[in-house]
Every structure is written in C-alpha cells, then in structure tokens.
Amino acid sequence: MKANRTATLIKLLVLLCLSVLCVSQDFDFFYFVQQWPGSYCDTKKSCCYPTTGKPAADFGIHGLWPNYQDGNYPQNCDPKNPFNPDKVTDLRSSLQKNWPTLACPSGNGVSFWTHEWEKHGTCSESVLDQHGYFQAALSLQKQAKLLQALASAGINPDGGSYSMSNIKGAIQEAVGFTPWIECNTDASGNSQLYQIYLCVDTSGKNLIECPVFPKGKCGSEIEFPSF
C-alpha cells in the first residue's frame with residue numbers, strides 16, 4: 001500500500017513538473033548570430049528593405065539561439081507563449097535599427113522577430129522572458145562592435161577579399177573570444193563574409209569560448225561586399 005502511494009505521489013510530482021513548476025534551463029549556451037546585409041542581398045534571390053528604409057551598413061542581429069554542447073538545438077519550445085509586440089514596445093526603434101529583416105516581404109520587422117522568439121527565444125524562457133531575450137541580443141551587439149573590430153584591422157566592406165585568418169583574428173582580438181564565420185557564395189562563385197557567430201553563456205549576458213562550432217567552412221580568402 002505504501003509503495004503504491006509513493007508511486008502515485010511521484011507520478012503527480014512529475015505531472016506538476018511538466019506542466020508548471022519545473023521549468024528548467026534546457027540548453028547549454030547561446031549562439032549570438034550577426035549578419036552582414038551586403039552578403040545577404042548579393043546572394044539571395046530576393047532582398048527587400050524594411051518599411052523603415054535601407055538598414056545601416058552594419059552587422060544586423062539575426063538571432064540569439066539556445067544550443068546544446070553536442071551541436072544540436074531545441075526549437076519551438078512553448079507554443080503557449082507567442083510573440084507579443086506589446087512586450088517590446090520600448091525596444092521597437094532599436095530592433096528596427098539593429099535587428100532588421102531583409103527577407104521579402106520585409107515589412108516592419110515584426111514577422112522576423114516573431115519567428116526568432118517563437119523558434120529560438122521560447123527555448124530560453126527559463127532564464128529570459130520575451131523582453132529580456134531581445135534586450136540581451138541588443139546589449140550583446142553593442143558589446144561586440146563587429147564592424148568596428150574589422151575596420152580597426154583594415155578590413156572594410158569594400159568588395160575586396162581578405163584572409164579568413166585575418167578576419168577571425170581581428171574579431172578575436174577585439175572581443176576576446178573565437179568567432180565562427182559563415183559564408184555565402186555569390187553568382188560568380190565568390191565566397192563572401194555572411195554571418196558571424198559568437199557564443200554566450202546561459203544568462204545571455206557574457207561572451208564565452210564556443211563549446212562547439214556549427215558545421216561548414218569558408219575559403220581561405222573571402223569577399224567583404226559593400227552594402
């Protein structure tokens with residue numbers, strides 16, 4: 001009888017944990033991903049500017065993505081917590097400037113932010129609510145200052161080619177951690193600087209060395225297209 005009561009209690013606790021009480025951190029680190037708009041618009045079949053106009057020639061935020069140390073990642077973790085624009089009203093102008101969408105139809109950015117929150121952000125809601133998630137990404141962008149880091153090393157978005165080792169070295173020197181570079185290939189077959197990944201601890205605040213890098217590689221020389 002006692003064993004049956006214990007088993008029943010355990011089942012009840014598990015159900016409570018799954019439904020309400022035990023919202024645990026279910027990831028190991030974040031990828032903070034920033035995108036160079038010149039490469040996106042040069043290699044994608046469609047590129048549209050937001051309703052606010054052409055974004056600045058700077059690395060825009062693509063996302064803050066929870067990941068596991070084995071290279072996999074959770075997604076769409078809480079369908080009951082959809083994106084609510086009212087929760088980021090005070091961040092809206094900063095998001096439009098620093099987290100623009102270039103996919104067509106572009107619109108005012110809400111569709112892009114909705115996708116990022118619902119696919120990725122909900123998987124970090126144990127540590128970051130919706131406002132905190134977007135605020136964390138904006139703060140990380142200010143901390144990284146990628147374009148400034150590259151320009152300080154003489155690497156500029158002028159359509160020229162630069163060595164991958166120099167690009168990685170310039171960013172590592174500036175931010176203190178090793179980046180991972182993702183490239184696009186344009187119609188002429190040129191490898192272009194597209195996205196830069198930095199890793200962040202589970203608080204969403206501190207850059208760290210990446211436990212694992214995504215798959216893929218660029219050439220030894222890559223183009224930094226203008227925008």
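T185 has S191 of β5 as its bridge partner. This pair belongs to a predicted model, in which strand β4 (residues 180-185) and strand β5 (residues 191-200) run antiparallel and are joined by 6 bridges. The two strands form a hairpin with 5 residues between them. Within this hairpin, G189 takes a positive phi near 90°. As a general point, side chains in a regular strand alternate between the two faces of the sheet.

How many helices and strands does the protein chain have in total? The secondary structure comes to 7 helices and 7 strands. Along the sequence, these elements follow the order α-β-α-β-α-α-α-α-β-α-β-β-β-β.

The contacts show how the chain is put together. Counting contacts in the protein chain with a separation of 6 or more, 75% are between residues 24 or more positions apart. The protein chain has 227 residues, and 42% of them count as buried; here buried means a relative accessible area under 20%. The accessible surface of the chain comes to about 11,800 Å². Carbon and sulfur atoms account for 51% of that surface.

Next come the spaces that the atoms leave open. Rolling a probe the size of a water molecule over the atoms shows where empty space is left. The second largest pocket holds about 230 Å³ of space. Which elements give two or more residues to its lining? They are β2 (60-67) and α4 (110-119). The lining of this pocket is made up of 15 residues, and those nearest its centre are Y31, W65, N67, G71 and Y73. By class, the 15 residues divide into 6 nonpolar, 5 polar and 4 charged.

A pocket is open, whereas a cavity is a space from which the probe cannot get out. How many cavities of 30 Å³ or more does the structure hold? The structure holds 1 such cavity. About 30 Å³ of space lies in the largest cavity. Its lining consists of P85, V88, T89, R92, L95 and W113. Of the residues in this lining, 4 are nonpolar, 1 is polar and 1 is charged. The charged residue is R92 and the polar residue is T89, because Arg counts as charged while Pro, Val, Leu and Trp count as nonpolar and Thr falls among the others.

Note on methods:
Residues numbered from 1 in each chain as written. Predicted model: local features only at pLDDT ≥ 70, side-chain atom pairs only at ≥ 80, totals over all residues. Heavy atoms only, no water. 1 Å grid on protein atoms, 1.4 Å probe; cavity = no way out; pocket = protein on both sides within 12 Å on 5 of 7 lines; lining within 4 Å. Points joined across faces, edges and corners; volume = space filled by probe spheres on them. Helix = DSSP H or I, 4+ residues; strand = E, 2+ residues; numbered from the N terminus. Buried < 20%, exposed > 50% of the residue type's maximum accessible area, 1.4 Å probe, protein only. Contact = heavy atoms within 4.5 Å. Areas by Shrake-Rupley, 256 points an atom, 1.4 Å probe, with all protein chains shown as cover. Pairing = 2+ DSSP bridges.
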